[in-house]
Amino acid sequence: MPLPFLTATRDDAAPAGPAPEAYPPYEDRSRRRRPYRVGPWRVGGAALVLLLASYVLFSALIIAVAGSLPGAGVCLAVAVLLIVAAVRLVHVGVWLSPEGLRQVRLLSSTVLPWSEVAEVRTAQQPVRWLGLPRTVQGQALVVVRTQGEPLVTVVTDHGADFLGGPERFAGAVAAVERRVAEFQAG
């Protein structure tokens, strides 16, 4: 039984591989965009955080009905923080635009104009497994600045976007390198 809502963004008949060269006709090239899709582990983690936020919101409702408004306010504030964290978790990654490269982490982000980006490449190095303190040997997308230290790596083959999908990581790296070359040339 075909489920068209599941195949709206992908074509199962198309071969898996790097992203297509051309931008879709509906896409605004001047906007900042991520050249790869969000991975299932990242979406699942954000969904679990949102599930926890729904429980906290429900407890805030119960506490408010019971008559303790300060306690309900604290629960509401915690739920809002959880929702903000879930949205931020989905935004983690590398974003590109004609103005420059933006690397988003959970609590901070770094914006580099193209004049400050010397090179974008992959490197074999110890990487964090799903962003946890445990490190394993893997590949990482390294952004080298023209001056100073390279950026902290957020895109790895063992990260939440590419765990278990080395071909997706290779396609994403190719897309990032292609867009970086396009933006630096033009």
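Which helices each supply at least two residues of the nonpolar patch? They are α1 (40-66) and α2 (69-91), helices being DSSP runs of H or I with at least four residues, numbered from the N terminus. This is a predicted model in which local features need pLDDT of at least 70 and side-chain atom pairs count only at pLDDT 80 or more, while totals for chains, interfaces and linings use all residues. Residues are numbered from 1 along each chain as its sequence is written, and side-chain values use heavy atoms, with hydrogens and water left out.

**View A. The nonpolar surface patch.** L50, L57, L76, V80, I83, V84 and V87 form the patch, with about 550 Å² of accessible area together (Shrake-Rupley method, 1.4 Å probe). Patch residues have over 30% relative accessible area and no salt bridge, and nonpolar side chains are joined within 5 Å; a salt bridge is a side-chain nitrogen of Lys or Arg within 4 Å of a carboxyl oxygen of Asp or Glu. Helix α2 gives the largest share, 5 residues.

**View B. L76 in helix α2.** L76 is found in α2. It counts as partly exposed because its relative accessibility is 45% (buried is under 20%, exposed over 50%, partly exposed in between; 1.4 Å probe, protein chains only).

**View C. The largest nonpolar core.** This core has 20 residues, and V94, L96, L101 and V155 have the most contacts inside it. A core is a set of buried Ala, Val, Leu, Ile, Met, Phe, Trp, Tyr and Cys residues joined through side-chain atoms within 4.5 Å. At least two residues each come from β1 (93-96), β4 (117-128), β5 (135-145) and α3 (166-185) (strands are DSSP runs of E, at least two residues). The largest share, 6 residues, is from α3.

**View D. Surroundings of V94.** Not counting residues up to four places away in sequence, V94 touches R33, R34, P35, Y36, L101, R102, L141, V154 and V155 (contact: heavy atoms within 4.5 Å).

**View E. The second core.** A separate core of 6 residues includes A53, V56, C75 and L82.

Notes: Patches are made of residues with over 30% relative accessible area and no salt bridge: like charges are joined within 9 Å, nonpolar side chains (Val, Leu, Ile, Met, Phe, Trp, Tyr) within 5 Å.
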